[in-house]
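Me: I have just opened this one and would like a walk through it. Could you take me around slowly?

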Amino acid sequence: MKARVYVMLKTGVLDPQGEAVRHALGSLGFEGVNGVRQGKVIELDLADGTTEDTVRDMCEKLLANTVIESYRIEVL
């Protein structure tokens, strides 16, 4: 069983990496990019029977800083 966890900074939290990417895109001639939010994707290879609740616990305890990040779980 596989699961993907998508982690992004919450709305309103400053994203300096996203801003650097937006600036670099403009420097390369890609106009019209008004904003970039950068996040991460974590793919987990799980034992059969692992529940989504267990993956949620993983996110809450390690994979995401829930003070400033939100996450979404996709079970594949």
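Me: Before that, what kind of model is it, and how are residues numbered?

Reply: This is a predicted model, in which local features need pLDDT of at least 70 and side-chain atom pairs count only at pLDDT 80 or more, while totals for chains, interfaces and linings use all residues. Residues are numbered from 1 along each chain as its sequence is written, and side-chain values use heavy atoms, with hydrogens and water left out.

Me: ok, the sheet then. In what order do the strands sit?

Reply: The order is β2-β1-β3 in an open sheet of three strands, and the pairing is antiparallel. Strands here, like helices, are DSSP runs numbered from the N terminus (strands are E with at least two residues, helices H or I with at least four), and two strands pair if DSSP finds at least two bridges between them.

Me: Which strands are at the edges?

Reply: Those are β2, covering 39-45, and β3, covering 69-75, each of which pairs on one side only. Neighbouring strands of the sheet are turned by 20 degrees against each other on average, with direction ignored; for such angles, axes are lines fitted to C-alpha atoms, for helices over the stretch in contact, and the angles run from 0 to 180 degrees between N-to-C directions.

Me: How many bridges does β1 make with β3?

Reply: Strand β1, residues 2-9, pairs with β3 over seven bridges in the antiparallel sense. Among the partners, Met-8 is bridged to Ser-70 in β3, and Ala-3 is bridged to Val-75 in β3.

Me: and with β2, over how many bridges?

Reply: The antiparallel pairing of β1 and β2 also runs over seven bridges, and there Tyr-6 stands opposite Val-41 of β2.

Me: Which helix lies across the strands?

Reply: Helix α2, residues 52-63, lies across β1, β2 and β3 and runs at about 150 degrees to β3.

Me: Switching to charges: how many salt bridges are there?

Reply: The structure holds seven salt bridges, a salt bridge being a side-chain nitrogen of Lys or Arg within 4 Å of a carboxyl oxygen of Asp or Glu. One of them joins the side chains of Lys-2 and Glu-43, at 3.7 Å from N to O. Lys-2 lies in strand β1 and Glu-43 in strand β2, so this pair ties together parts that are 41 residues apart in sequence.

Me: What does Glu-74 pair with?

Reply: Glu-74 meets Arg-4 in a salt bridge at 3.5 Å, N to O. Since Arg-4 lies in strand β1 and Glu-74 in strand β3, that pair ties together parts that are 70 residues apart in sequence. Glu-74 also forms a salt bridge with Arg-72, where the closest N and O atoms are 3.9 Å apart. Salt bridges that share partners join Lys-2, Arg-4, Glu-43, Arg-72 and Glu-74 into one network.

Me: Now Asp-15. Is it buried or exposed?

Reply: Asp-15, found in the loop between β1 and α1 (16-27), is buried yet has no salt bridge, and the nearest side chain of opposite charge, Arg-37, is 4.3 Å away. For charges, Lys and Arg count as positive and Asp and Glu as negative, while His and the chain ends are not counted.

Me: What does the side chain of Asp-15 reach, then?

Reply: The side chain of Asp-15 reaches the backbone nitrogen of Gln-38 at 2.8 Å, and one of its polar atoms lies 2.9 Å from the backbone nitrogen of Gly-18.

Me: Last one: where is Ile-68?

Reply: Ile-68 sits in the loop between α2 and β3 and is partly exposed, at a relative accessible area of 33%. The C-alpha atoms of Ile-68 and Leu-9 are separated by 5.8 Å, although these residues are 59 apart along the chain. Not counting residues up to four places away in sequence, Ile-68 touches Met-8, Leu-9, Lys-10 and Val-13, where contact means heavy atoms within 4.5 Å.

How values were computed. Buried < 20%, exposed > 50% of the residue type's maximum accessible area, 1.4 Å probe, protein only. Polar contact = N/O pair within 3.5 Å; in protein donor to acceptor, adjacent residues only side chain to side chain.
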